[in-house]
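Me: I would like to learn how to read contacts and charges in a structural model, taking one feature at a time. Could we work through an example together?

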Amino acid sequence: MKAMTSLMAVILLILLVMLGAGAANLKYFFGVIFPYAAIVLFLVGIVLRVLKWAGSPVPFRIPTTGGQQNSLPWIKQNKLDNPHNLIGVLGRMALEIFLFRSLFRNTKTELKNGPRLAYGSSKWLWLGGLAFHYSFLVIFIRHFKYFAEPVPFFIPIMQNLDGLLQIGLPLLYMTDIIILLSVSYLFFRRVVSPQLRYFSLAADYFPLLLILTISISGILMRYFYKVDIVAVKKLGTGLLSFNPILPEGIGLLFYVHLFMVSVLIAYFPFSKLVHMAGVFMSPTRNLANNNRMRRHINPWNPDVKVHTYEEYEDEFRDVMKDAGMPLDKE
Amino acid sequence: MYDAGKVIVGLVIFLALLTFPTWYNVATGKATYVPELEKAVKGDQCVADTEYMRAEHMDLLNEWRDKVVRDGERIHTAPDGTKYNMSLTMTCLDCHSNKANFCDKCHDYLSVDPYCYDCHIIPEVTK
């Protein structure tokens, strides 16, 4: 049901752009105004989100991440999972950001042969996630050729590696295939398994379907229904140089692609997708467990009004003296 | 804000990377560059109409390559009945004689690296 809601939302968006940019010919809105609005929402949204996170106090370093913390010399510390210094934290962050270490530890719980609970390693999510994110990154960087003139040096290198198999013409990019397979896997994973379907929300399906639409429209434009890409680059460089020109005669398929990308990035800061920034801000990953070495003062501690013994003695000195009590200061 | 230094450095790096095309274009000063193709030196008609050629020329060339190399078929008949020799060097480059001012313009603009010239010799431009 929730998957259907997301699917309907995506179909409505496609219809909206096809009617808007196609039938109603609002090409300037879909080609220039909406992308600008989406870029502003994306950049401002992410920055505000990160600043909001940064405003949360961090009273104490989390000591209970997986792995033995730094302790007595004869107890072996797990330096990458529970580091106590900067180098260890950098290692843990790098493993998380580049290799999705947390997902690698994903486990599966199953009832086997009647009431026997079995736990096992489950690497498919990790593999699918890694394949998806890396192909997305490569595709994202490849697209810089539509915005930067002259084409930066790293793009031909990436394209040559990506099209290494030299299949078909235009050359087939491996990442195009990998992203389709991995996003489909990530989608059907949620649909097929009853447990996952139970706790999946519309907001889990929607970005996957959106990315699938973007990939399919891009692939169609590259291999099957080609659009005038010189005009596309004119639009791209114009947009990012704040000098937007809307060239005539770019196919409708391009507007579908552009609109869905705009929707994706506008939606980004307000959804689960913001984990792109969140991964850098996760306290179990980026804080060294140095509670035993350094005192961390809770920033929300109230200002306690204290009355020291010295002040007490000053206040009652005469009375205490009369009663014959011993005093620190006469 | 806590760890303000690190957070702000992170945000600056994030914004700098994402706005790369903008400042790159400012640095190169070529944001408004648009490739302009040299007119064909002779002939008033291509093997297909401009719109088709603009988008699909690679498919046509690929088809020609397969037909010539694999089937030994050398004659292309255009929809209007004109017959052409299926040859990049003899037909295409006969009219669009300057590769640098024709093919390369868009290919460089869009970072397309066709492997035509792995085998084909680029004809010299006669002045």
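Me: By about how many helical turns are Arg70(B) and Asp66(B) separated in helix H3 of chain B?

Reply: Arg70(B) and Asp66(B) are separated by about one helical turn, because they lie four residues apart in helix H3 of chain B; helices here are DSSP runs of H or I with at least four residues, numbered from the N terminus. Before going on, note that this is a predicted model, in which local features need pLDDT of at least 70 and side-chain atom pairs count only at pLDDT 80 or more, while totals for chains, interfaces and linings use all residues. Residues are numbered from 1 along each chain as its sequence is written, chains are lettered from A and ligands numbered from 1 in the order in which they are written, and side-chain values use heavy atoms, with hydrogens and water left out.

Me: What do the side chains of Arg70(B) and Asp66(B) form where they meet?

Reply: A salt bridge is a side-chain nitrogen of Lys or Arg within 4 Å of a carboxyl oxygen of Asp or Glu, and the side chains of Arg70(B) and Asp66(B) meet in one, at 3.6 Å from N to O. For accessibility, buried means under 20% relative accessible area, exposed over 50%, and partly exposed in between (1.4 Å probe, protein chains only). Arg70(B), at 62%, is exposed, whereas Asp66(B), at 22%, is partly exposed.

Me: Which residue forms a salt bridge with Asp204(A)?

Reply: The partner of Asp204(A) is Lys272(A), with the closest N and O atoms 3.0 Å apart. This pair links distant parts of the chain, 68 residues apart, since Asp204(A) sits in helix H9 (residues 202–224) of chain A and Lys272(A) in the loop between H11 and helix H12 (275–278). Asp204(A) is buried, with a relative accessible area of 11%, while Lys272(A) is partly exposed at 38%. Over all chains, the count by this rule comes to 18 salt bridges.

Me: How many salt bridges does the rule find across the interface of chain A and chain B?

Reply: The rule finds three across that interface, one of them joining the side chains of Asp228(A) and Arg54(B) at 3.7 Å, N to O. Asp228(A) counts as buried at 18% relative accessibility, and Arg54(B) as exposed at 52%.

Me: What is the area that chain A and chain B bury between them?

Reply: The size of an interface is often given as the accessible area lost when the parts come together. Here buried area is the accessible area (1.4 Å probe) that two parts lose on being put together, summed over both. Chain A and chain B bury about 3,300 Å² between them, with 69% of it on carbon and sulfur atoms. Of the area that chain A buries against chain B, Glu149(A), Leu169(A) and Lys226(A) supply 20%, more than any other three residues. Counted by contact, which means heavy atoms within 4.5 Å, 45 residues of chain A touch 33 residues of chain B.

Me: Is His257(A) buried or exposed?

Reply: His257(A) is buried, with a relative accessible area of 11%, and its place is in helix H11 (residues 252–267) of chain A. Leaving aside neighbours within four places in sequence, His257(A) is in contact with His143(A), Ile214(A), Ser217(A), Gly218(A) and Met221(A). The side chain of His257(A) also reaches the backbone nitrogen of Gly218(A) at 3.4 Å.

Terms used:
Helices (H or I, at least four residues) and strands (E, at least two) are DSSP runs, numbered from the N terminus. A polar contact is a pair of N or O atoms within 3.5 Å; within protein, one must be able to donate a hydrogen and the other to accept it, and residues adjacent in sequence count only if both atoms are side-chain atoms.
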